[in-house]
Amino acid sequence: MSLEATVSDPLIREQATVRATTVPAENRSGPGFALTWAASFLIPLAAVMAVNILGNGTGLFPSKLNPAVSDRPWKARRIDHQARHERGKPEVLVMGSSRMMQVQPPYVEALTGHRTFNWGVSAAGPLDWLTQLRYALDSGIKPRLIIVGVDEFALGGNLILNRFEIQNAAHWGLFRRMPFPENLSTLANAVEQVRLESTWESLKILANPPVARKRSMKRVSYLLLGDGYLIYRDRVVAKAAGTYDLAQSIRQQSVDWRLRLDQVADPLEVLRPAERNIELFEQFLDLARSNGIEVRVAMLPLHPYYVSLTLTPAMKRIRTDASAILARVCAERGFRYRDFTSLDSFGGSADEFWDGAHQTPENLRRMINTLFDLPPAQVVAKVPNDFQILENPPAVTTLNTW
């Protein structure tokens, strides 16, 4: 919320007018008057911000009374918990966007022999990975291995990422580890979301704080597990019933993508690698290398039908260029990189997608196998599928945990 927005409030403007007209002219100068005049605006502004931070009506501030429940702060709190329990600290971290959030930690644990946490978050990019690794190390978590899935737009413009990176402001530990100047722009974006409605909502929360989180399984479209794994509840149920329409989901997603691109002057900027994002990715890799952490990086695939609907020849060339950059910066540091944009590269199936970008756990299992030089079809360990988990959910999920 800007200072100008606060001043535009009729009540505050009237109070300022009364103060100005009741002060003798000879006293309307000097430092005392200036401080009084400034306080008449800053004190109400500070009060409004305090209400919004403590009540957290926007869900964008690190409130202990009403914690934010978007995936970045929620998963960071799970990491916080594990950091406090030596035996529970993860030794393998899975990072990336929501397209990596269905990599199953129990399967990776069976493959690597090390405890795994899925730290994928919505539309993640290099800024998130650097922030997450900084926070993990500062929290006493030093993983042996990090697996990173990279979207085709992760190095490009911030049309997609900016909508989600603001979530880092909702966890003080993450926000503190964000690089400069992205930390300042994130804070400014969070403050700009403060409105009269959010202030009123925050006041109601302060008056009646939530005691516990309790949500019905039937009322959510997805849920996160304590190990960071994501389940698309509504999609799993529809697929089990034989009613899930993958083609329609892809068509709708392509419409949403084109509408988003229509909002920018040059749609290619969304994909074209930006110098700052490459720099942040290199900082992430350098931090991992300096701490003796192995990193394996994969560029993620899109469904062939979705590619035909959304990617122009120019966009495909940019994706190829981005892959070449990833290959180079990883090779320079001795890290493994694989380009999985072709389903054939890891034995993927076009039937194992939820939409144009999100793969099912089966395709992701094949991809992880290939990343570790195993045959795609090999099953290292049988783990419960999503439907089985929904029938018997673990103790910690977003249904019942802040």
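1. Basis of the values. The structure is a predicted model, in which local features need pLDDT of at least 70, side-chain atom pairs count only at pLDDT 80 or more, and totals for chains, interfaces and linings use all residues. Residues are numbered from 1 along each chain as its sequence is written, and side-chain values use heavy atoms, with hydrogens and water left out.

2. The sheet. Five strands form an open sheet in the order β2-β1-β3-β6-β7, with parallel pairing. Its edge strands, each pairing on one side only, are β2 (116-118) and β7 (336-339). On average, neighbouring strands of this sheet are turned by 15° against each other, direction ignored. Helices (H or I, at least four residues) and strands (E, at least two) are DSSP runs numbered from the N terminus; two strands pair if DSSP finds at least two bridges between them.

3. β7 pairs in the parallel sense with β6 (residues 294-299) over 4 bridges. Arg 336 in β7 is the bridge partner of Arg 296.

4. Helices across the sheet. Helix α5 (residues 105-112) lies across β1 (92-95), β2 and β3 (145-150), at about 145° to β2. Helix α16 (residues 361-371) lies across β3, β6 and β7, and runs at about 135° to β7. Contact here means heavy atoms within 4.5 Å; axes are lines fitted to C-alpha atoms, for helices over the stretch in contact, with angles from 0 to 180 degrees between N-to-C directions.

5. The largest pocket. Its volume is about 990 Å³. A pocket is an open set of points on a 1 Å grid over the protein atoms alone, where a 1.4 Å probe fits, with protein on both sides within 12 Å along at least five of seven lines; lining residues have an atom within 4 Å of a point. The volume is the space filled by probe spheres set on the points, which are joined across faces, edges and corners. Of the 40 lining residues, Ser 98, Phe 164, Gln 253, Asp 355 and His 358 are the closest to the centre. Helix α12 gives the most to this lining, with 6 residues. The lining divides into 17 nonpolar, 12 polar and 11 charged residues, where Ala, Val, Leu, Ile, Met, Phe, Trp, Tyr, Cys and Pro count as nonpolar, Asp, Glu, Lys and Arg as charged, and the others, Gly among them, as polar.

6. The second largest pocket. This pocket holds about 430 Å³ of space. Its lining has 20 residues, and Gln 104, Pro 361, Glu 362, Asn 385 and Asp 386 lie nearest its centre. The elements giving two or more residues are α11 (233-240), α16 and α17 (386-391).
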